[in-house]
Amino acid sequence: MITRRELLASTGAVVAAASLASIAGPAAAQAKKTVVLASMGPVTGNWDPTSHTTLGQSNFEKFVFSHLTRCQMEEGKVPELEPDLAVSWQLIDANTLEFKLRDGVKFHDGKDFGAEDVKATMEYASNPERPAASFYPGRVDVEVVDRLTVRLSTAKHGYPASAFWFISSFLPILSAKDVADPATLQKRPNGTNAFKYVETVGDRSTLSANDAYYGGRPKIDEIVYAYVPDANTRLLGLMNGEYQIAERLEPEQYASLAGNATVVGHRGLSTENKYLHFRCNKAPFDDPRIRLAACHAIDREQILMLMGDAASATSCFVSPMKFGFKDIETYPKYDPEECQRLLAEAGFPNGEGLPPLEYITSIGFYPKTKEYGEIITAMMAEQGFNVQLTVLEPAAWEQAIYRAADGQGQGHMCDVGWMTGSPEPDLVLRPNWHSKAALITGVNDPEIDAVLDEERGAATPEERLKILQEKVFPLMAQKSPSFSLFSAVNFHGAAKGLQGAYYFPNGPIDLSKADLV
């Protein structure tokens, strides 16, 4: 579905056809234009983007930090990179990717942007000790050629530089000055994008327009990013004018907007799949047969019926918006007989002897998680699994799903999506299922590691596509460290007067060219 043939066919420079459009003129004298965004996810309080993989905070950071490139990821279109902090880029050789950088860009603290910032960011953030290092394909060395030219080198680390092609649109660029001072980096976000961080008070973080933004000063003067965990509260606040944007609406809520003259809805297939993650380093799911038996106990058709327009049926470990997507013929299907055969083979006939299992899910973050969690719990119980569903509000759920310092995590199964802002599949595959990360599953399987490393190291996009579709996804279907339930659809609501907003399929919203009219 998605190919990089044209993008990577040549090592010649990929030069931008035009610079980012500017918004001319100073803001007119008028009342402050404030957009209050009702978010489904909290921020952590640590503003270092490498300190977390939290979706709500990542969406917030998109307003503040820029990236080397930009990728719109429009449904049904081949993804193409556009200029952001870089104006051109080229593969010098298999292990070297060069970026020419935009001149005249300043960080929010007034520091000039340049090559040293890219070097500091990438060498710091790709360090395996950083929590978000799993977003990088591996460690990378960065050469400063001159003030506005950098070369990313992967020669010492055993994978091709083309792995950075698409994720250059996802990785936030930090100030080298901040990277050198971790205390300052953690204290406040300091980027180059259209909005500047002001303060956080309680559950609300405030941003103001960046007068020096290289794309032109935004017409929106202020963004208030409000954590509102309950979807009904987000909808009611949108309807009464308290909020100008509401994230993550339920499908029925989205449908209800059709008859309202003051608000509009936005629907789009996301880059996210919803997974039932198994704790693969904890009994009984350390046995692939038990994991596969659990998959065969679940009738995904019932879940899709419940989800309606909020889900798209897929049988793959990545979304259709990702490079390499393909429905896998051997993907586990609802099959009670096979479930029982596997349980018996593993020594638990009819589920007898299995320990009680805790299944962790959220409420208010994703649509209908509690409802389909109850369905999954009941279906597994029919096959002899003793499952208790634990429903948590988003902040507590965020804390519960990730593995702790001892390598373990709460419970035995977790309902989690994985949303990333690039067509790059490794942003999903490696954080979740490579043993060097396995942030939730804890899986440590040499065969899975081997095919993921083979895929990452492929010499061409065509070879990589073949490995993904013929090796990676079939092996993961066989091992089932997680069970992908469906590909998610995003629903947003917005005030009718908010025009020009762009909704990325991974969740963030671009208001740099938006206006309130």
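This is a predicted model: local features need pLDDT of at least 70, side-chain atom pairs count only at pLDDT 80 or more; totals for chains, interfaces and linings use all residues.

Colleague: Which residues touch the most other members in the largest nonpolar core?

Modeller: Leu101, Met122, Phe164, Ile376, Phe385 and Leu511, out of 152 residues in that core. A nonpolar core here is a set of buried Ala, Val, Leu, Ile, Met, Phe, Trp, Tyr and Cys residues joined through side-chain atoms within 4.5 Å. Buried means under 20% relative accessible area, exposed over 50%, and partly exposed in between, using a 1.4 Å probe and protein chains only.

Colleague: What is Met122 in contact with?

Modeller: Leaving aside neighbours within four places in sequence, Met122 is in contact with Leu68, Tyr136, Val140, Val142, Leu152, Phe164, Leu171 and Ile173. Contact means heavy atoms within 4.5 Å. There is also a second, separate core of six residues, with Val36, Val224, Val228 and Tyr243 among them.

Colleague: Switching to H6. Which of its residues are buried?

Modeller: Ala231, Arg234, Leu235, Gly237 and Leu238 are buried in H6, which spans residues 231–239. Helices (H or I, at least four residues) and strands (E, at least two) are DSSP runs, numbered from the N terminus.

Colleague: Where do those buried residues fall, seen down the axis of H6?

Modeller: They fall within an arc of 165°, so they line one face of the helix. The arc is that of the directions from the helix axis to the C-beta atoms.

Colleague: And what covers the buried residues of H6?

Modeller: The cover includes strands E2 (34–39), E12 (245–246), E13 (263–278) and E18 (482–495), plus helix H7 (251–256).

Colleague: What happens at the start of H6, and just after H6?

Modeller: At the start, a side-chain oxygen of Asp230 comes within 3.2 Å of the backbone nitrogen of Asn232. Just after the helix, Gly241 has a positive phi of about 90°.

Colleague: Which residues other than glycine have a positive phi?

Modeller: Asn350 is one, with phi near 60°. Ser480 is another, at about 50°. Most residues other than glycine have a negative phi, and most peptide bonds are trans.

Colleague: Is Asn350 buried or exposed? And Ser480, buried or exposed?

Modeller: Asn350 counts as exposed because its relative accessibility is 52%. Ser480 counts as buried because its value is 1%. Asn350 lies in the loop between H10 (336–345) and E15 (357–362), while Ser480 is in the loop between H15 and E18.

Colleague: Where is Lys479, and what does Lys479 touch?

Modeller: Lys479 is in H15, residues 461–479. Not counting residues up to four places away in sequence, Lys479 touches Pro288, Arg291, Asp445, Glu447 and Ile448. Lys479 counts as buried because its relative accessibility is 12%.

Colleague: Which residues does a cis peptide bond join?

Modeller: Ala283 and Pro284, with omega about 5°. Pro284 sits in the loop between E13 and H8 (288–296).

Note on methods: Residues are numbered from 1 along each chain as its sequence is written. Side-chain values use heavy atoms; hydrogens and water are left out. A polar contact is a pair of N or O atoms within 3.5 Å; within protein, one must be able to donate a hydrogen and the other to accept it, and residues adjacent in sequence count only if both atoms are side-chain atoms.
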